[in-house]
Amino acid sequence: MSWSFPVGRLLGSELRVHATFFLLLGWIGLSAYSSGGTAAALDSLSFVVLLFACVVAHEYGHALMARRFGIRTPDITLLPIGGLARLDRMPERPAQEIAVALAGPAVNVVIWAVLIALGADTSVDALSDPTATGNLAGRIAAVNLALALFNMIPAFPMDGGRVLRAALALGTDRVRATRIAARAGQVFALLLAVWGLTSGNLILLLIAAFVIFAAESEAQDVSSRDIARGLFMRDAMITQFERLRPGDTLGMAGQTLIRTTQHEFPVLDDNGTLLGFLTRQALFTAMAEGSTNRPVAEVMTSEIPQLGLAAPLVQVLDALQTAPAVAAVDRHGRVLGYVTSENVGELMVLRRPR
């Protein structure tokens, strides 16, 4: 995810923090300091840091349960509105999806139960009284229970919405189940947005916007994967393209960009073997820095998945989650074509039932 950076690895997943998270910390710290001084600022920041530690634990609940079904979680990103565990793929068996969805809220319930057992006092509710200070354990306990309950609202793509989608998939196809759960999520998001507007709560508006767009995005992804079944790499790949050599300058690449319709360029050696891809965004960024004489090899993305012509298109879609393109290669490793999210999207539009 752009604007995020890694802070380490834990349990096989890279933990990332979005830059805007620090803006949230700064805003909360300054607000608390202006109303209650240094002690209030430290208390508020401690509460937020512990809260988001619980959010990270929630996401690792999803990740560790997914691992039991052979699904990797490359990274977990901490955002101002919560956490996001990026799974390699979503489990398609309803029972597995329910287990993965419930694992996150279950972690919050366990944290709440442990704190209560240790004597945490929840008489001061962190949700009803955001300005409360002190009683840190009680506030953390209360907010963990609230997180578990909130996430179990049957609104896709929240955890409760995924449980709803899995339950619906027991009686209908996955595409229709996803569409119904996504609509439920968007209706909930609109109600949340109204609440945020009337109460002046910016966080609720951000959550509502996230739910609306994430629900639509995943509904489209599931629909695309359904269409992709039975299709292969050769059905979607681009075969007519301009290529670059590693020693070509960015200025030369810019001229090639102007005279073609390509958004990315494979960088090949003299034998036609793929070295990487130069994306339009990377080209623009480097040229904006005045680096027109740099070789493209210094700017290209080198970690590009390579698959054969008979690779299932669903496998290509999985690979595109973390790369700008997927190269189609022959048995000697020579590039025959490539696939991007854009041209796969065009294929899906053409094949989608009307």
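Trainee: Where in this predicted model is valine 314 found, and what makes Arg225 a contact of valine 314?

Mentor: Valine 314 is found in helix α10, which covers residues 313-319. Since a contact requires heavy atoms within 4.5 Å, and neighbours within four places in sequence are left aside, Arg225 qualifies for valine 314 together with Ala228 and Arg229. As for glutamine 281, 33 residues away along the chain, its C-alpha atom is separated from that of valine 314 by 26 Å.

Trainee: How do you know what confidence to give the chain as a whole, and which elements have the lowest and the highest mean pLDDT?

Mentor: On a scale from 0 to 100, the chain averages a pLDDT of 81, and 92% of its residues score at least 70. Among the elements, helix α11 (residues 341-351) has the lowest mean, 70, while α2 has the highest, 91. Over residues 126-131 the pLDDT is below 50, and this stretch has 5 contacts in the model beyond its near neighbours in sequence.

Trainee: Why is aspartate 75 called buried, and which residues does aspartate 75 touch?

Mentor: Aspartate 75, in strand β3, has a relative accessible area of 10%, and because the limit for buried is under 20%, it is buried. Not counting residues up to four places away in sequence, aspartate 75 touches Glu14, Arg16, Leu84, Ala85 and Arg86. Its C-alpha atom is 7.8 Å from that of leucine 87, a residue 12 places apart from it in sequence.

Trainee: What span is expected of helix α3 at 1.5 Å a residue, and how does the value in the model compare?

Mentor: Helix α3 (residues 136-151) has 16 residues and reaches 22 Å from its first C-alpha to its last, close to the 22 Å expected. Its buried residues include Gly138, Ile140, Val143 and Ala148, and the buried residues of α3 pack against α1 (20-68), α2 (94-117) and α4 (159-169).

Trainee: Why is asparagine 151 called buried, and what does asparagine 151 touch?

Mentor: Asparagine 151, also placed in helix α3, has a relative accessible area of 16%, and because this is under 20%, it counts as buried. Residues up to four places away in sequence being left out, asparagine 151 touches His58, Pro105, Met158, Asp159 and Gly160.

Trainee: Why is α4 described as largely enclosed by the rest of the structure?

Mentor: In α4, 8 of the 11 residues are buried, so the helix is largely enclosed by the rest of the structure. Among those buried are Asp159, Gly160, Val163 and Ala166, and what covers the buried residues of α4 includes α1, α2, α3, α5 and α6 (202-228).

Trainee: What makes a set of residues a nonpolar core, and how many residues has the largest one here?

Mentor: The residues must be buried, belong to the nonpolar types, and be joined through side-chain atoms within 4.5 Å. The largest such core has 24 residues, and those with the most contacts inside it are Phe21, Phe47, Val48, Phe52, Ile76, Leu78 and Leu115. The elements that give it two or more residues are β2, α1, β3 (75-79), α2 and α3, with the largest share, 13 residues, coming from α1. Another core, of 17 residues, lies apart from it and includes Met237, Ala311, Leu320 and Ala328.

Terms used: Residues numbered from 1 in each chain as written. Predicted model: local features only at pLDDT ≥ 70, side-chain atom pairs only at ≥ 80, totals over all residues. Heavy atoms only, no water. Helix = DSSP H or I, 4+ residues; strand = E, 2+ residues; numbered from the N terminus. Expected span 1.5 Å × (residues − 1). Buried < 20%, exposed > 50% of the residue type's maximum accessible area, 1.4 Å probe, protein only. pLDDT = per-residue confidence, 0-100.
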